Amino acid sequence: MRKIKNLFAATRLKQEFANRRGKLYRVAYSWCHNKSLADDLAQETMLKALKKADSLRDQATLDTWLYRILLNNWHDYLRVQGRNVELYDVGDENQPEHADNYQQSQIVGRVRSSVERLPMSLREVVTLADFAGFSYAEIAEIVDIPIGTVMSRLHRARQNLKEQLLDLAGEGKLPVRLMRVK
């Protein structure tokens, strides 16, 4: 009976991991701006999480635990490749788009470009907060820094993004007004 319970728990945990894979991929992509690398990082995170599932003490901290593994994988990659690696992604320019979709894709592209220009320490914090939706305490645990540092990095990242995007709006390259989302 115990083996059946363990098998059921393992199956349920695998499903929990699978449900979070898309979000892991999106955060990894926001860090590296490379589809195949983001996929590799998310896959490696899932593999390590499955291997170390017995070390997860509290199911409630599953997201924080998974994103910490993802961040460690990202830092391992940077360590191996060197910190000055140029990361880029070649998009498919042949996809037909409507005028509204085109305008929206231009805005999204400019925001992604602005996020890409942030220093890595700021980029990690802003993507965990604004893309993944983690609280300050969760980000502090994932990145292993004090909450005050999370707050200051997040403030600097948002200020930097605001300045970059307002500069684009002033040049007429950004057709819409910036609004605060949170």
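A: Helices here are DSSP runs of H or I with at least four residues, strands are runs of E with at least two, and both are numbered from the N terminus. The model is a predicted one, in which local features need pLDDT of at least 70 and side-chain atom pairs count only at pLDDT 80 or more, while totals for chains, interfaces and linings use all residues; side-chain values rest on heavy atoms, with hydrogens and water left out. Residue numbers start from 1 along each chain as its sequence is written.

The chain contains 7 helices and 0 strands, and its pattern along the sequence reads α-α-α-α-α-α-α. Of its 182 residues, 31% are buried, where buried means under 20% relative accessible area, exposed means over 50%, and partly exposed covers what lies in between (1.4 Å probe, protein chains only).

Aromatic pairs are counted among the rings of Phe, Tyr and Trp, the last by its six-membered ring, when the ring centres lie within 6.5 Å; planes under 30 degrees apart are called stacked, those over 60 edge-to-face, and the rest tilted. Under this rule there are 3 aromatic pairs. One of them joins Tyr25 and Tyr29, whose ring centres are 6.3 Å apart and whose planes meet at 25 degrees, so this pair is stacked. Both residues belong to helix H1 (residues 2-32), where they are 4 residues apart, about one turn of the helix. An α-helix has 3.6 residues a turn, so residues three or four places apart point the same way. The two partners fall in separate accessibility classes: Tyr25 is partly exposed because its relative accessibility is 24%, whereas Tyr29, at 15%, counts as buried.

Another of the pairs is made by Trp74 and Tyr77, with ring centres 5.9 Å apart and planes at 15 degrees, so this pair is stacked as well. Trp74 and Tyr77 both lie in helix H3, 3 residues apart, again about one turn of the helix. Trp74 has a relative accessible area of 0% and is therefore buried, while Tyr77, at 22%, is partly exposed.

Besides Trp74, the buried residues of H3 include Leu62, Trp65, Tyr67 and Asn73. Directly after H3 comes Gly82, with a positive phi of about 100 degrees.

Leu13 and Ala53 are 40 residues apart in sequence, yet 8.2 Å apart in space from C-alpha to C-alpha. Leu13 counts as buried because its relative accessibility is 14%. Over the chain, 68% of the contacts with a separation of 6 or more are between residues 24 or more positions apart.

Most residues other than glycine have a negative phi, and most peptide bonds are trans. His33, in the loop between H1 and helix H2 (35-51), has a positive phi near 55 degrees, and at 5% relative accessibility this residue counts as buried. Asp144, in the loop between helix H6 (136-143) and helix H7 (147-170), has a positive phi near 65 degrees, but Asp144 is exposed, with a relative accessible area of 60%.

Terms used: Contact means heavy atoms within 4.5 Å.
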